[in-house]
Amino acid sequence: MGATTGEHEQFYNGPLNDGLPSIVAAAHELKSPLALMRQLSLMLEEGNVPADDQKRMLRQISLTSERALRLTSDLTRSVRLSDALFTLEPINPQQLCEDIVRELAPLFNAHNRDVKLVSKRHPLLLVANRDLLRRIIMNFSDNALHYAEGDSAVEIRIATLKAGNIIRLGVRDYGPAIPIDTLKTLQGKLANCAPTPVHARPQSSGLGLYISRQFADAMNGHIGVTQHRDGATFYIDLQASHQLSLL
Amino acid sequence: MKTPSVLIVEDDEWLAEQHQRVLTIAGYKATVAPHAIAAIQLIDEIHPDAIILDVLLTGNTAFALLHELQSYGDTGSIPIILCTNLASELSIDNLKPYGVKRILDKTTMAPDDVVAAVRNVLL
């Protein structure tokens, strides 16, 4: 990660002094997809799998590896945030979210679930970095995919707040409600920007949220979570673009 | 002879499917529960002969489920096989009082290890 071990007091267990996520959190987060890919590969190697199942398993390996690669790519990006090699620009959230829905559709379909966009026809533009915002919404959607129950759809929602000054992009899942103590931990985590061994989702290190928070900060945005009776919405609030008002 | 029934409690849908595939090929009747609440309902319905249990589940963890199972005479005797990424952090001796008979490490196990573990706890 570009720094020597000696610079980091909590190199193995917590956020690094320079704000990098712990190696433990990253390793933990990658264990599940790697373990799954290994199981499926070993099974295919044995060769006793019907052709239909083989195809399905290969697809699962491919989609799981893409998911794991997204995490490693996000990690790399989060480390390079300090380089400030990104620009903020007016972005059409509708278009961005439509692209994300298209990109995620194969993964959701493979899980027999649906992801859809819920928004007004002409939402206001917002100010953000396209790549970082895309990564945040993908991250929230990945999270929602895991949490959604049955065949419920995951919804990406665009809303306008504070008299049009703030645009909220939220990802709503219809899963079990987050227990109140977990919600408090989660809100603390979102506020403090540090992955801890206490999990937003029990199987998660919270690394995805940590990275999302970093990306949001870099765009002067704010991320949060709202609990519902039947699930949760993870959201990011960003400044609306006043480009139109200048015309 | 009745086909032995195994309940797989695993919130990773595709890993659960994989365990189910292997156990079905081996002749077991395998059912999947994605979380602890669904597991409790299914245990009442299917009375599994063994349970394969992930530790870090969505919602309640495996330990909440283990406590629940130990609260009743009939469910307390169902052998449990923990299947987890956290195997290196768990001790079978500490978990035996909760009905845990085996711990499988997801990161090192072979697909057939679930079958071997089930076979072993049902001896």
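## Helix 1 of chain B

Helix 1 of chain B covers residues 13-25. At 1.5 Å a residue, its 13 residues should span 18 Å, and the end C-alpha atoms are 18 Å apart, so the two values agree. These values come from a predicted model.

How many of the 13 residues of this helix are buried? The count is 10, and helix 1 of chain B is therefore described as mostly covered, a residue being buried if 20 or more other C-beta atoms lie within 10 Å of its own. The buried residues are Trp14(B), Leu15(B), Ala16(B), Glu17(B), Gln18(B), His19(B), Gln20(B), Arg21(B), Val22(B) and Leu23(B). Just after the helix, Gly27(B) has a positive phi of about 100°.

## Chain B as a whole

Chain B contains 6 helices and 5 strands. Read from the N terminus, their order is β-α-β-α-β-α-α-β-α-β-α. The C-alpha trace spans about 30 × 30 × 25 Å along its principal axes.

A compact globule of 123 residues would have a radius of gyration near 14 Å; the value for chain B is 13 Å, which agrees. Of these 123 residues, 44% count as buried. Among contacts in chain B between residues at least 6 apart in sequence, 57% join residues at least 24 apart.

## Contact between the chains

Chain B puts 18 residues into its contact with chain A, and chain A puts in 17 residues. On the chain B side there are 7 nonpolar, 6 polar and 5 charged residues.

## Nonpolar cores

Which residues have the most contacts inside the largest nonpolar core? They are Ile136(A), Ile137(A) and Leu169(A), in a core of 41 residues. Several elements of chain A each supply at least two residues of this core: helix 3 (93-110), strand 3 (126-128), helix 4 (130-147), strand 4 (154-161), strand 5 (166-173), helix 6 (207-218) and strand 7 (231-239). Helix 4 of chain A gives the largest share, 9 residues.

Leaving aside residues up to four places away in sequence, Leu169(A) touches Pro93(A), Cys97(A), Ile137(A), Ile156(A), Ile158(A), Tyr235(A) and Ile236(A).

## Strand 7 of chain A

Strand 7 of chain A has 7 of its 9 residues buried, so the rest of the structure largely encloses it. It is also among the elements that each supply at least two residues of the 41-residue core.

Strand 7 of chain A pairs with strand 5 of chain A in the antiparallel sense over 8 bridges. Its antiparallel pairing with strand 6 (residues 222-228) of chain A runs over 7 bridges, and a hairpin of 2 residues joins strand 6 to strand 7. Which residue of strand 7 is the bridge partner of Asp173(A)? It is Ala232(A), and Ala232(A) is the bridge partner of Gln227(A) as well.

Methods
Residues are numbered from 1 along each chain as its sequence is written. Chains are lettered from A and ligands numbered from 1 in the order in which they are written. This is a predicted model: local features need pLDDT of at least 70, side-chain atom pairs count only at pLDDT 80 or more; totals for chains, interfaces and linings use all residues. Helices (H or I, at least four residues) and strands (E, at least two) are DSSP runs, numbered from the N terminus. The radius of gyration is taken over C-alpha atoms; the globule rule is 2.2 Å times the number of residues to the power 0.38. A residue is buried if 20 or more other C-beta atoms lie within 10 Å of its own, exposed if 12 or fewer, and partly exposed in between; C-beta atoms are placed from the backbone. Two residues are in contact if their C-beta atoms, placed from the backbone, lie within 7 Å. Ala, Val, Leu, Ile, Met, Phe, Trp, Tyr, Cys and Pro count as nonpolar, Asp, Glu, Lys and Arg as charged, and the others, Gly among them, as polar. A nonpolar core is a set of buried Ala, Val, Leu, Ile, Met, Phe, Trp, Tyr and Cys residues joined through C-beta atoms within 7 Å. The expected span of a helix is 1.5 Å times one less than its number of residues. Two strands pair if DSSP finds at least two bridges between them.
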